[in-house]
Amino acid sequence: MEEGTEGRKCLGLLDLPWEDVLVTHIFCYLPLRHLVSLQRVSKQFHALIQVYLANCRTFDLKQIGPSIPKEAFCNMLRDNKVLQNLSLQNCSDWVTDKELLPVIGQNQHLLRVDMRGCVCLSRHSLVAVSLSCAHLKHLGLAHCEWVDSLSLRSLADHCGGLQSIDLTACRQLKDEAICYLAKKCPGLKSLSVAVNANITDTSVEEVAKNCRGLEQLDLTGCLRVRNESIRTVAEYCPKLRSLKVNHCHNVTESSLGLLRKRNVEIDVEPPLQRALVLLQDVVDFAPFINLQI
């Protein structure tokens with residue numbers, strides 16, 4: 001009796017207009033993993049979820065679970081041509097150009113793409129993004145060591161409206177590539193070139209002079225960056241809100257102090273604060289030290 005009632009409810013749901021009601025006003029509020037599970041209920045539900053997937057603007061694999069099979073990824077996005085946001089984090093260890101290029105090629109309205117940690121991709125995927133996604137605003141490429149200067153130049157040439165890009169640990173990139181990006185994408189508000197020993201004052205100063213609306217800059221571990229470029233950032237970037245310079249051993253308080261006065265959030269504590277913390281550690285540890293005279 002109960003099974004019959006549930007079955008009638010499911011059939012009643014399917015009787016509602018798919019695209020005008022179910023897709024637009026109901027399924028958009030359900031977690032993607034639940035919708036994927038619904039595909040296994042019946043052929044009609046499978047077809048209905050495919051309609052939803054073909055019309056969704058955001059596809060974030062974190063909503064499904066820790067991993068997704070390659071075949072499922074390809075099937076879920078095969079009909080979608082309206083994506084605006086694509087996150088690949090939960091398939092970063094296996095997704096290749098073969099799976100991604102068709103998705104990029106048929107979705108020219110993408111505004112945000114997150115490829116962080118996608119170690120199996122190649123420069124061809126970045127070139128495809130640059131050629132297909134002229135309106136791209138946000139791009140995550142952290143720990144994508146396949147990113148090279150030629151693919152980044154292609155991105156800069158075709159996506160001049162870029163607002164944020166994460167190039168953390170993209171160690172093939174050198175000053176020349178970052179300078180070119182800064183000149184072609186003056187609207188950058190957030191940039192990370194962290195964990196790259198190739199980056200010097202040259203690129204930091206070029207970014208500061210060309211991207212004057214910069215709000216966030218991550219230079220963590222850029223060992224060759226010095227005070228001179230930080231002073232340039234302070235002079236040319238009045239909207240800066242966050243600066244990360246941890247492990248930048250040549251950056252000192254003489255340049256950071258200029259930004260602290262503007263209440264810029266900096267991930268390195270002032271010398272006095274660091275000294276007080278160290279002193280407190282000594283005081284706290286003192287009772288456990290047995291001093292012998």
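Visitor: How many helices and strands does the chain have?
Guide: The chain has 13 helices and nine strands. Keep in mind that this is a predicted model.

Visitor: What makes two strands in this model a pair, say β3 and β4?
Guide: A pair needs at least two bridges between the strands. Strand β3 (residues 112–114) and strand β4 (residues 138–140) share three bridges, in the parallel sense.

Visitor: Why are helices α11 and α12 called roughly parallel?
Guide: Helix α11 (residues 227–236) and helix α12 (residues 253–260) pack at an angle of about 15°. Their axes are 8 Å apart. Angles under 35 degrees count as roughly parallel. The value falls under that cut-off, so α11 is roughly parallel to α12.

Visitor: What is the handedness of that crossing, and which residues make the contact?
Guide: The crossing of α11 and α12 is left-handed. From α11 come Asn 227, Ile 230, Arg 231 and Ala 234. From α12 come Ser 254, Ser 255, Leu 256, Leu 258 and Leu 259. Sorted by class, the α11 and α12 contact holds five nonpolar residues, three polar and one charged.

Visitor: How do you know what to call the arrangement of α10 and α11?
Guide: Apply the same test. Helix α10 (residues 201–210) and α11 cross at roughly 5°, and their axes come within 9 Å. The limit is again 35 degrees. The angle is under that limit, and α10 and α11 are therefore roughly parallel to each other.

Visitor: Which residues build the contact of α10 with α11?
Guide: On α10, they are Asp 201, Val 204, Glu 205, Ala 208 and Lys 209. On α11, they are Glu 228, Ser 229, Thr 232, Val 233 and Tyr 236. By class, four are nonpolar, two polar and four charged.

Visitor: What makes a residue of helix α7 count as buried?
Guide: A relative accessible area under 20% makes a residue buried. In α7 (residues 123–132), Ser 125, Leu 126, Ala 128, Val 129, Ser 130 and Ser 132 are buried. Among what covers these buried residues are α6 (97–105), β4 and α8. For the chain of 293 residues, 44% count as buried.

Visitor: Why is His 143 called partly exposed?
Guide: The relative accessibility of His 143 is 48%. Exposed starts over 50%, and buried means under 20%. His 143 falls in between, so His 143 counts as partly exposed. The residue lies in the loop between β4 and α8 (149–158). Phi of His 143 is near 65°, a positive value in a residue other than glycine.

Visitor: And how do you know whether Asn 263 is buried or exposed?
Guide: Asn 263 has a relative accessible area of 70%. The cut-off for exposed is over 50%. Asn 263 passes it and is therefore exposed. Find Asn 263 in the loop between α12 and β9. Asn 263 has a positive phi of about 65°, although Asn 263 is not a glycine.

Methods. Residues are numbered from 1 along each chain as its sequence is written. This is a predicted model: local features need pLDDT of at least 70, side-chain atom pairs count only at pLDDT 80 or more; totals for chains, interfaces and linings use all residues. Side-chain values use heavy atoms; hydrogens and water are left out. Helices (H or I, at least four residues) and strands (E, at least two) are DSSP runs, numbered from the N terminus. Axes are lines fitted to C-alpha atoms, for helices over the stretch in contact, and angles run from 0 to 180 degrees between N-to-C directions. Angles under 35 degrees count as roughly parallel, over 145 as roughly antiparallel, 65 to 115 as roughly perpendicular and the rest as oblique. A crossing is left-handed if the near helix is turned anticlockwise from the far one by less than a right angle, and right-handed if clockwise. Contact means heavy atoms within 4.5 Å. Ala, Val, Leu, Ile, Met, Phe, Trp, Tyr, Cys and Pro count as nonpolar, Asp, Glu, Lys and Arg as charged, and the others, Gly among them, as polar. Buried means under 20% relative accessible area, exposed over 50%, partly exposed in between (1.4 Å probe, protein chains only).
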